[in-house]
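Welcome! Here is a short tour of a protein for anyone meeting it now. Please take a look at the sequence and structure below.

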Amino acid sequence: MSKSMLDYTKSVLKGVSFDVNLFSKELQKACKVLLPYEIEELISWLTKFIKEKPELQHTLLLINNK
């Protein structure tokens, strides 16, 4: 069974979380392709994921401004 786009997005974001700019770009790309309910799930996941990564906390604004 193939991965859902949301699972793929989470995997990519985890992989690029070392670079704030790359993380932001991937997050913006994800917002263009994910369905509205997937974006809601991504926001929930992202809130938990960035809790320990203060350098990424501003990226939550990228989604909230969509």
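Helices (H or I, at least four residues) and strands (E, at least two) are DSSP runs, numbered from the N terminus. In this predicted model, local features need pLDDT of at least 70 and side-chain atom pairs count only at pLDDT 80 or more, while totals for chains, interfaces and linings use all residues. Residues are numbered from 1 along each chain as its sequence is written, and side-chain values use heavy atoms, with hydrogens and water left out.

From the N terminus on, the elements run α-α-α-α, giving four helices and zero strands. The radius of gyration of the protein is 11 Å, close to the 11 Å that the globule rule gives for 66 residues, so the protein is as compact as a globular protein of that length. That radius is taken over C-alpha atoms, and the rule is 2.2 Å times the number of residues to the power 0.38.

Now for the inside. A nonpolar core is a set of buried Ala, Val, Leu, Ile, Met, Phe, Trp, Tyr and Cys residues joined through side-chain atoms within 4.5 Å; buried means under 20% relative accessible area (1.4 Å probe, protein chains only). The largest such core has 18 residues, of which Phe 23, Leu 27, Leu 42, Leu 46 and Ile 63 touch the most other members.

Helix 3 provides the largest share, six residues. Leaving aside neighbours within four places in sequence, Leu 27 is in contact (heavy atoms within 4.5 Å) with Leu 13, Leu 42, Leu 46, Thr 59, Leu 62 and Ile 63.

Notes: Buried < 20%, exposed > 50% of the residue type's maximum accessible area, 1.4 Å probe, protein only.
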